[in-house]
Amino acid sequence: MDLEDDGELMLRYARGDMRAFEVLYERHRGGLYRYLSRHTRNPEAANDLFQEVWSKVIASRDRYEPRAKFQTFLYRIAHNCFVDYCRRASVRAEVSGDGEEDWQTSLPAPDDDQPDTRAERAQVLARYKAALTALPSEQRDVFLLYEESGLTLEEIAVITAVGPETAKSRLRYAVSKLRQALGAAHAALEPMVKVIPERGR
Amino acid sequence: MSGSEHHDPLEPPPELDRIIIGKARKAIQGARPAPLYRAPKWALSAGLAITVVISLAVVLLMGLHSKHQKELAARAALINQLVAEAPQSKRIRLPPIRTEPWPPVVAASNKAPVAGATAHPITDKARNRLARVAVAASRSRVEAESIEAGPLAAPPPAAPAERPEASTWLGQIEKLRGEGHTAEAEQETKRFRETYPAYPVPHDASSTAGRAQ
């Protein structure tokens with residue numbers, strides 16, 4: 001069942017198969033939550049948005065047609081929800097202030113979790129967070145979508161309603177700025193920040 | 001799903017998982033289950049097109065069949081009418097079927113050229129043609145009679161064996177006249193006319209009488 005296509009799972013859920021939804025949810029809950037959480041940098045807002053996105057998926061089960069990948073469908077809803085959230089709350093200022101402690105523990109710990117390593121990692125994370133926050137929201141959006149959803153640039157372009165070249169350019173700028181901010185430390189973050197190696201073609 | 005006490009900040013909390021799963025379950029509970037099979041979109045139009053084609057074919061076949069039936073009925077009516085119009089006594093009898101090539105009359109006619117030939121300028125060829133028409137007409141009537149009588153009806157009676165063919169018979173009559181047996185010739189002529197009413201006879205009674213004078 002795990003190998004089953006997302007679109008087919010969604011169709012089965014629309015026909016009343018609850019198990020199909022559970023598999024679908026299990027596949028995408030982590031990536032979607034990280035996308036929203038890193039975007040909002042506010043756990044409460046991330047929880048609200050996460051719930052809102054899945055509620056919309058559930059509500060649109062009868063209208064769903066597997067013309068595109070399910071991920072594209074899911075992250076388009078998530079993107080729109082986040083845009084609405086920004087408009088509603090004018091959260092730009094708020095976003096930059098909260099969630100400090102979350103970022104300290106947001107990325108997985110390496111195996112050699114010694115005190116000096118941990119301190120060094122905390123510094124790198126702080127720089128990474130600062131660099132990500134400093135990115136323009138469009139670049140951050142493309143970067144996080146690429147990072148968390150596993151979608152292609154063409155699919156991200158569709159979700160963010162821009163051309164593929166624009167999406168590619170935004171991703172390139174985001175990666176370049178993050179590299180600059182992290183300097184030599186970006187190698188330490190490589191297993192955590194997947195996009196920094198040249199993936200963005 | 002994460003059910004641990006210490007919540008990972010980049011994973012959704014378990015309460016959120018429960019809420020969303022609960023919502024999803026509630027959404028499909030009580031809802032009418034969607035049909036398991038979804039026909040493709042083109043199925044409806046294809047089905048309609050096939051139905052229309054089959055209907056047209058059936059209507060066309062029925063039209064052809066009724067037309068054929070009407071033709072048969074018209075033919076049967078015509079035959080019945082012809083049979084009804086023809087009196088029993090005047091029905092044409094079929095001459096015996098020839099085996100020798102048509103027309104053998106020429107010899108007899110040449111043998112006994114008569115004065116009436118100028119009065120009746122009918123050639124042997126035309127006579128034969130007329131005879132053929134008469135035979136065909138008599139045959140169609142006989143066929144009609146057989147249709148009326150049904151499949152078990154007896155076949156039409158063949159021409160009596162003592163009656164010769166029309167041309168031969170006429171030759172014999174001419175011969176009788178030539179030999180001076182006028183009364184016999186007249187009698188034979190009368191019988192000939194009864195037997196072959198449609199056959200054109202070049203020498204009728206008046207001409208015979210004229211010749212006799």
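I take buried to mean under 20% relative accessible area, exposed over 50%, and partly exposed in between. I note that the model I am reading is predicted.

I looked up A:Glu52, which forms a salt bridge with A:Lys56, with the closest N and O atoms 3.7 Å apart. The two sit four residues apart in helix α3 (residues 43–59) of chain A, so about one helical turn separates them. A:Glu52 has 23% relative accessibility and therefore counts as partly exposed. A:Lys56, at 36%, also counts as partly exposed.

I then turned to B:Glu174 and B:Arg177, whose side chains meet in a salt bridge (3.7 Å, N to O). They are three residues apart in helix α6 (residues 166–179) of chain B, which means a separation of about one helical turn. B:Glu174 is buried, with a relative accessible area of 10%, and B:Arg177 is buried at 9%.

**Entry: between the chains**

My search of the whole structure gave 19 salt bridges over all chains. One joins the side chains of A:Arg29 and B:Glu11 at 3.0 Å, N to O. This pair crosses from helix α2 (residues 18–40) of chain A to the segment before α1 (14–28) of chain B. I found both A:Arg29 and B:Glu11 buried.

**Entry: a helix pair in chain A**

I looked up helix α4 (residues 70–89) and helix α8 (residues 137–149) of chain A, which pack at an angle of about 140 degrees with axes 12 Å apart. On the α4(A) side the contact is made by A:Gln71, A:Tyr75 and A:His79. On the α8(A) side I listed A:Asp141, A:Leu145, A:Glu148 and A:Ser149. These contact residues divide into two nonpolar, three polar and two charged.

Conventions: Residues numbered from 1 in each chain as written. Chains lettered and ligands numbered in written order. Predicted model: local features only at pLDDT ≥ 70, side-chain atom pairs only at ≥ 80, totals over all residues. Heavy atoms only, no water. Axes fitted to C-alpha atoms, helices over the stretch in contact; angles between N-to-C directions. Contact = heavy atoms within 4.5 Å. Nonpolar A, V, L, I, M, F, W, Y, C, P; charged D, E, K, R; others polar. Salt bridge = Lys/Arg side-chain N within 4 Å of Asp/Glu carboxyl O. Buried < 20%, exposed > 50% of the residue type's maximum accessible area, 1.4 Å probe, protein only.
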